[in-house]
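This report looks at salt bridges and at the side chains that take part in them. Please keep the sequence and the structure at hand while reading.

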Amino acid sequence: MRNIDKVAWVRVEDGRVLAARSRGKDTFYLPGGKREPGESDIDTLVREVTEELSVTVVRGTESLVGTFEAPAHGRNPDVVVRMTCYTADYEGTLAPNSEIEELRWLGHADRSLVSAVSRSVLDHLAAKSLID
């Protein structure tokens, strides 16, 4: 089995969670990505959110949501994503950047639009009444 180690940002506003869709893809993901060698979770979070969403995560405001695992979308069944998720405040205006084509605020009813690991996060958020 092969693991993909990712860090993701969970931004909830008005009962919805922010999701991003990469150019040419049909599935939404929570913003974030793979860590580079030697990076901490927070360093990865800050770098990826800036690259994808044109905003800056405010260091010191992060809070661990949890770590979630599921089969990787579009990969062989033996590839698993292990995604550590954090909430955090940000500065700037959210806008798609780099490979991101679209941002969308999703509720639990939209879970069919996201990857398997992101569905686990949406389920967790809904169970805690954080999203509609």
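## What counts as a salt bridge

A salt bridge is taken here to be a side-chain nitrogen of Lys or Arg within 4 Å of a carboxyl oxygen of Asp or Glu. The model is a predicted one, and by this rule the count comes to 14 salt bridges.

## Arg11 and Glu13

Among the salt bridges is one in which the side chain of Arg11 meets that of Glu13, with a distance of 3.0 Å from N to O. Arg11 has a relative accessibility of 17% and therefore counts as buried, since buried means under 20% relative accessible area.

## A link between distant strands

The side chains of Glu102 and Arg21 also meet in a salt bridge, at 3.0 Å from N to O. This pair links distant parts of the chain, for Glu102 belongs to strand 10 (residues 100–106) and Arg21 to strand 3 (residues 16–22), the two residues being 81 residues apart. Arg21 counts as buried, with a relative accessibility of 15%.

Arg35 is partly exposed, its relative accessible area being 27%.

Salt bridges also link residues into a network, whose members are Glu36, Glu39, Arg47, Glu48 and Glu51.

Technical notes
Residues are numbered from 1 along each chain as its sequence is written. This is a predicted model: local features need pLDDT of at least 70, side-chain atom pairs count only at pLDDT 80 or more; totals for chains, interfaces and linings use all residues. Side-chain values use heavy atoms; hydrogens and water are left out. Buried means under 20% relative accessible area, exposed over 50%, partly exposed in between (1.4 Å probe, protein chains only). Helices (H or I, at least four residues) and strands (E, at least two) are DSSP runs, numbered from the N terminus.
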